[in-house]
Amino acid sequence: MDRIRAAGDIPAHEVPRDYHMDGAGSREEILHEMVVALEDYTAIVTRVAPDGIEEAIDAMLEGLTSVVVPPGLEQSWKDAAARRGRDVRVDAPPLSKDELDSTDAVVTASRVGVSLSGTIMLDGEPDQGRRAISLVPDTHIVVLEADAIKATLPEAVKVLEENPLRPTTWIAGPSATSDIELVRVDGVHGPRNLSVIIVER
C-alpha cells in the first residue's frame with residue numbers, strides 16, 4: 001500500500017494522441033472493405049439507395065413474426081417492419097427482458113462504422129434505442145449510412161466524441177464465441193444473426 005500511495009507523487013506523462021486519421025483508398029474502396037469485413041463475420045449485407053431501405057428491411061425480416069423498434073426510428077422503416085402482418089413492438093415504455101426475449105428481431109439505425117474492422121457503432125440516439133434491444137432479440141437489422149463509414153477506428157471515435165456522454169454499443173458481426181474447447185457457439189453475447197443495410201446517397 002505504501003508503494004501505491006507513493007506512486008501518486010509521480011508526475012503524469014502526456015500520452016501522444018497522433019493517431020492515424022486518414023484511411024487509404026477511395027470511398028468505394030472503403031465501402032468494399034466494410035462489406036468484405038462484415039461478410040467475413042457471416043453478416044448479411046445489402047447496399048441500397050435511400051428509396052430501397054423499406055424493401056430491404058421487409059426482405060430481411062422475411063419469415064419472422066415480431067420486431068422491436070426504437071421509438072425514434074423512421075416511421076417508414078417501422079411501417080416496413082410491420083408488413084406481412086408482423087407484430088411491431090415500440091420500445092416505449094421500455095419492454096421487459098421477457099418481452100424482448102420473445103421478439104424475433106430488432107431494427108435500428110446506427111451512428112458510425114469502421115471499414116478496417118467491420119465494426120458498427122450505436123450511440124443510443126432515439127433511432128437506435130437503448131442497448132438491450134440490440135442485444136436480446138435473435139436477429140439485428142441495422143441501417144448504416146455509407147457516408148458514416150470511416151476507414152479507421154480513430155476517425156470513428158472522433159465522431160462518437162461529439163456526444164461523449166452517450167452509451168455506445170460496438171458490433172462486429174453476429175455474436176459468437178469459441179472460448180470453450182474452440183467450439184464455435186453463436187448468439188452468446190448478442191444476436192445470432194446480423195443484417196446490414198448500407199445506404200448510399
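Me: Which residues of α2 are buried?

Reply: In this predicted model, the buried residues of α2 are Ile30, Leu31, Met34, Val35, Ala37 and Leu38. An α-helix has 3.6 residues a turn, so residues three or four places apart point the same way.

Me: What covers the buried residues of α2?

Reply: Their cover includes the strands β1 (44-48), β5 (112-114), β6 (119-122), β7 (139-145), β8 (149-150) and β12 (193-199).

Me: What span should helix α2 have, and how far apart are its end C-alpha atoms?

Reply: Helix α2 comprises the 14 residues 27-40, and at 1.5 Å a residue it should span 20 Å. Its end C-alpha atoms are 20 Å apart, which agrees with that expectation. After α2 comes Thr42, whose phi is positive, near 75 degrees.

Me: How many residues of β7 are buried, and with which strands does β7 pair?

Reply: Strands of a sheet pair through backbone hydrogen bonds, either parallel or antiparallel. In this structure β7 runs parallel to β4 (residues 105-108), to which four bridges join it; Val106 stands opposite His140 in β7. β7 also pairs with β12 in the parallel sense, over seven bridges, and Val143 has Ile197 of β12 as its bridge partner. β7 is mostly covered, with six of its seven residues buried.

Me: What is the strand order in the open sheet of four strands?

Reply: The order is β8-β5-β6-β9, with mixed pairing. The edge strands are β8 and β9 (169-171), each of which pairs on one side only. β5 and β8 run parallel and are joined by two bridges; Gly113 stands opposite Ile149 in β8.

Me: Across which strands does helix α6 lie?

Reply: Helix α6 (residues 153-160) lies across β5, β6, β8 and β9, and runs at about 165 degrees to β5. On the scale used, angles run from 0 to 180 degrees between N-to-C directions.

Me: What do the totals say about the protein chain as a whole?

Reply: The protein chain has six helices and twelve strands, and buried residues make up 41% of its 201 residues. Of the contacts with a separation of 6 or more, 71% are between residues 24 or more positions apart. The chain exposes about 11,300 Å², of which carbon and sulfur atoms supply 53%.

Methods: Residues numbered from 1 in each chain as written. Predicted model: local features only at pLDDT ≥ 70, side-chain atom pairs only at ≥ 80, totals over all residues. Heavy atoms only, no water. Expected span 1.5 Å × (residues − 1). Buried < 20%, exposed > 50% of the residue type's maximum accessible area, 1.4 Å probe, protein only. Contact = heavy atoms within 4.5 Å. Pairing = 2+ DSSP bridges. Areas by Shrake-Rupley, 256 points an atom, 1.4 Å probe, with all protein chains shown as cover.
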